[in-house]
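Hi,

Here is the structure I promised to pass on. Have a look at it first, and my notes follow below.

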Amino acid sequence: DTEVTQTPKHLVMGMTNKKSLKCEQHMGHRAMYWYKQKAKKPPELMFVYSYEKLSINESVPSRFSPECPNSSLLNLHLHALQPEDSALYLCASSQEDRVWTEAFFGQGTRLTVV
Amino acid sequence: QKEVEQNSGPLSVPEGAIASLNCTYSDRGSQSFFWYRQYSGKSPELIMFIYSNGDKEDGRFTAQLNKASQYVSLLIRDSQPSDSATYLCAVRGSGGYNKLIFGAGTRLAVHP
């Protein structure tokens, strides 16, 4: 089983709203990632959690706030977003923070900011 | 210079032919290499990974790695219309183990 589950699948939010994206995996993976993907562009790394600690923040604006409540869950809290933040947000997980591990993606959340 | 480079395509091949997709990377410290397939509007799906120089085969797919040339490729034999997608090359091992950096992707179109 290589399933990473993201909810919701689609989200429309206003620029003053607060919302959260959720990601869950039950593969025992200890590294989890958030990526942002714009149309016809590759996924761009946003955050990495390793053993529930934030290990990489790719200079993401503070209106995006990640949280890892436990080893199976990863959240991305959204506040005061801009229309240009509209994108496909992808969660991924891998076994550990080692080079020789594959990352598996969830189906993504399609976010539209109006 | 981009860390991971791919020809954006489209690469058009007839059904049954071999599709060859290429990727170069800039960081000699990179240690593991991945190929993902992404259909339009969907998330990336892992199809191959390779860590050692040489070839690795899995069904119709063969990944090839040449670390001296900083080059990794994906061959798809007996291409099918269902293989039409964007193929993303991803590299791990530069700037920290957890960083998985993607190339821009190559769009493959297999025509009947």
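From its N terminus on, chain B runs β-β-β-β-β-β-β-β-β-β-β, which comes to 11 strands and 0 helices (DSSP runs, E of at least two residues for strands, H or I of at least four for helices, numbered from the N terminus). Keep in mind that this is a predicted model: local features need pLDDT of at least 70, side-chain atom pairs count only at pLDDT 80 or more, and totals for chains, interfaces and linings use all residues. Residues are numbered from 1 along each chain as its sequence is written, chains are lettered from A in the order in which they are written, and side-chain values use heavy atoms, with hydrogens and water left out.

As for size, the C-alpha atoms of chain B fill a box of roughly 40 × 30 × 20 Å along the principal axes. Buried residues (under 20% relative accessible area, 1.4 Å probe, protein chains only) make up 47% of its 112 residues.

Now to the partner chain. 22 residues of chain B are in contact (heavy atoms within 4.5 Å) with 28 residues of chain A. The rule finds 1 salt bridge across this interface (a side-chain nitrogen of Lys or Arg within 4 Å of a carboxyl oxygen of Asp or Glu). Lys99(B) pairs with Glu58(A) in a salt bridge, with the closest N and O atoms 3.3 Å apart. Strand 4 (32–38), strand 5 (45–50), strand 9 (85–92) and strand 10 (100–102) of chain B each supply at least two residues of the side that touches chain A. Strand 4 gives the largest share, 4 residues.

Cheers

Notes. Buried < 20%, exposed > 50% of the residue type's maximum accessible area, 1.4 Å probe, protein only.
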